[in-house]
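Subject: The model we talked about

Hi,

Here is the model, ready to open in your viewer.

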Amino acid sequence: MAMREGSGRFGLWPVSVAWDGVCIHRVWFGRSGGRDPIPQEITEFLAGRRTDLSLFSSPAEEADGVSARIYRIVREIPYGETRTYGEIGASAGTHARVVGGALARNPTPIIIPCHRVVGKREIGGFTPDTAIKKELLDLEARTRRKGSLNSRKS
DNA sequence: CAGTGTTCAGGAT
DNA sequence: ATCCTGAACACTG
């Protein structure tokens, strides 16, 4: 199977994906991915019509080392929930700042939901724009509320 | 080795 | 609320 590249959109931001079958090599915010479409499941996710992207794999989480361990832990954060850098660090047996460093180099945002990792006091950062992080969290909050009419808490 | 990062807690103002 | 400090540490060049 050959590597393909395509572009889609998340609100105001162009999103590009480089992938090969279910293996997502890279996801970035920008339109250098060309004019071909991206995988339909990702398009649906970005539109709030899908909450699960676990069918895809990312090479980054299969490697050895602390960063890969962090990526695997981050992928287990349920849709619509968040964890702090400190919590992820404790789970991975390392320090919060290392989590920040690993997520800053995350080659596949969205697939590895680094936007669900926030600071204890601040929302934390996001490349290229924290507004995207806020928007993603907002999308997940809205989508989850819409989809679970029986789990409202007063 | 030096520099860099999406942190955290504590203290001063 | 904002600013500064020191600690902790994987990864890159």
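Helix α3 spans residues 85-92, and its buried residues are Tyr-85, Ile-88, Gly-89 and Ala-92. Because these residues cover an arc of only 100° around the axis, they fall on the same side of α3; the arc is that of the directions from the helix axis to the C-beta atoms. Ala-90 and Ser-91, on the other side of α3, are exposed. Here buried means under 20% relative accessible area, exposed over 50%, and partly exposed in between (1.4 Å probe, protein chains only). Helices (H or I, at least four residues) and strands (E, at least two) are DSSP runs, numbered from the N terminus.

Before going further, please note that this is a predicted model: local features need pLDDT of at least 70, side-chain atom pairs count only at pLDDT 80 or more, and totals for chains, interfaces and linings use all residues. Residues are numbered from 1 along each chain as its sequence is written, chains are lettered from A and ligands numbered from 1 in the order in which they are written, and side-chain values use heavy atoms, with hydrogens and water left out.

Back to α3. What do its buried residues pack against? The partners are α2 (66-75), β4 (83-84), α4 (96-104), β5 (117-118) and α5 (130-147). Contact means heavy atoms within 4.5 Å. Gly-89, in helix α3, is buried with a relative accessible area of 0%. Setting aside neighbours within four places in sequence, Gly-89 is in contact with Thr-94, His-95 and Val-99. Just after α3, Gly-93 has a positive phi of about 75°.

In α4, the buried residues are Val-99, Ala-102 and Leu-103. They sit on the same side of α4, because their arc around the axis is only 95°. Arg-97 and Ala-104 are exposed on the other side of α4. The buried residues of α4 pack against α2, α3 and β5. In α2, Ala-68, Ile-70, Tyr-71, Ile-73 and Val-74 are buried, and their cover includes α3, α4 and β5.

- Gly-65 is in the loop between α1 (40-46) and α2. With 40% relative accessibility, Gly-65 counts as partly exposed. Its C-alpha atom and that of Ser-91, 26 residues apart along the chain, are separated by 14 Å.
- Ile-110 belongs to the loop between α4 and β5. Although Ile-110 is not a glycine, it has a positive phi of about 75°. Is Ile-110 buried or exposed? Ile-110 is buried, at a relative accessible area of 6%.
- Thr-127 and Pro-128 are joined by a cis peptide bond, with omega about 5°. Pro-128 lies in the loop between β5 and α5.
- Ser-16 is in strand β2, residues 13-20, and is buried with a relative accessible area of 0%. Beyond neighbours within four places in sequence, its contacts include Gly-6, Ser-7, Arg-26, Val-27 and Trp-28. The C-alpha atoms of Ser-16 and Trp-28, 12 residues apart along the chain, are separated by 5.4 Å.

Finally, the chain as a whole. Chain A has 5 helices and 5 strands, in the order β-β-β-α-α-β-α-α-β-α along the sequence. For 154 residues, a compact globule would have a radius of gyration near 15 Å, and chain A agrees with its 15 Å. That radius is taken over C-alpha atoms, and the globule rule is 2.2 Å times the number of residues to the power 0.38. The C-alpha atoms fill a box of roughly 40 × 40 × 25 Å along the principal axes. Of the 154 residues of chain A, 43% count as buried. Among contacts in chain A with a separation of 6 or more, 52% come from residues 24 or more positions apart.

Happy viewing, and do write back with any questions.

Best wishes
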